[in-house]
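Keep the sequence and the structure side by side as you read.

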Amino acid sequence: MITSWTRSRGPGLQTAVLVCAMLGLTKQVLTVTVLQNKPDFLKTCFMDAPGFPQCSKESVQGLFDKLSVGMPEIGIVPMDPLNVTEVRIFQGDGPVNVNAKLRNVKIVGFSGARIESNTVDPETYSFVTKLRIPKLRIDGEYSLRGRVLLLPLQGHGTCWFEPHNLDVTSSQDLGVVYRDGQRFFDMKDVRVDFKLGGLKMRMNNLFDGLRSLEETTNTYINSNWRPVAESLHPILTKTIEDILYLVLKQLFDSVPADFFIGDIKDHADEIMQAMVARNIVARHSGSLTGNASAVLPGIPSSTTTKPHG
């Protein structure tokens, strides 16, 4: 099943559409496989421990390494290589003004990601991860019409892009929810920012195969890669955010939060006491329906429905 969606910013000038058949994840997923035992690659850290920053960094590194090869037990296929069915780019302002489509995209290099730091908010458990990816290689088939650096461009064919030294900051907005007696991180949103140390690219069959013009154009764009990258930054950012959201949403829905952080229990007693108190009141009022919820500062409301039968 293929799922497509659109995320946009601004008054319709910049829109990225990402069609993801590659992740094995869809918005129509109705069931979630929950891991019952902590996997060996995941290191549990304790926020009250003095070594938490280093432990958290190592834990996220292990997680990224595992995501690179995939987690079929919870429906996540390998991210290196990452296969994307289609990416559409509409860019209507700045030095880049294009209507472009990339198909059969293959991205290699995520396994080289190195975690620089991972900080966790002690109240919400949202976290900010800083990492560096030395090199990505993106191959695919393109179709393009528009203008880049004042050059009118059109063509279709094979292409490749090689970003170098990506410094990425990813901010995950999380909460904690209860399902079937277990705590899980509730994935609300992802925000990504990144800087490139360099970019090389090649588009074959520009101008329907006029070789001299094709060579000159590719050389010119590579010599002026920075304004091209800056113009495409919002679109590329949203594309990365969409991919990360799908992967992390599936991950956090399937892996109990206590496998990541071992002392969330500091809030657990308050939550359970609130749920028990709510059930007692409901029983005495004759309105217990099988649903229980609790709301505490820094933790969003959650509802658990007892299974029938």
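The link between cysteine 45 and cysteine 55 is left-handed, with -90° about the S-S bond. This is a disulfide, with the two sulfur atoms 2.1 Å apart; the term covers a pair of cysteine sulfur atoms within 2.5 Å. By this rule the count comes to 1 disulfide. The pair links distant parts of the chain. Cysteine 45 sits in the loop between β2 (14-20) and α1 (52-69), while cysteine 55 belongs to helix α1, 10 residues apart. Both cysteine 45 and cysteine 55 are buried. Buried means under 20% relative accessible area, exposed over 50%, and partly exposed in between, using a 1.4 Å probe and protein chains only.

The model is predicted: local features need pLDDT of at least 70, side-chain atom pairs count only at pLDDT 80 or more, and totals for chains, interfaces and linings use all residues. Residues are numbered from 1 along each chain as its sequence is written, and side-chain values use heavy atoms, with hydrogens and water left out.

How far can the coordinates be trusted? pLDDT is the predictor's confidence in each residue, from 0 to 100. The protein averages 78, and 74% of the residues score at least 70. Over residues 1-30, pLDDT stays under 50. Residues 284-309 also stay under 50. Where pLDDT is low, the predicted coordinates should not be read in detail.

Now the overall fold. The protein has 4 helices and 12 strands. These are DSSP runs numbered from the N terminus: helices are H or I with at least four residues, strands E with at least two. Of the 309 residues, 45% are buried.

Next, the inside. A nonpolar core is a set of buried Ala, Val, Leu, Ile, Met, Phe, Trp, Tyr and Cys residues joined through side-chain atoms within 4.5 Å. The largest one has 71 residues, and those touching the most other members include Val148, Val228 and Phe260. Helix α3 (residues 225-254) gives the most to this core, with 11 residues. Take valine 228: leaving aside neighbours within four places in sequence, its contacts (heavy atoms within 4.5 Å) are Val96, Val148, Leu149, Met201 and Ile221.

Glutamate 86 lies in strand β3 (residues 82-91). Why does glutamate 86 count as buried? Because its relative accessibility is 8%.
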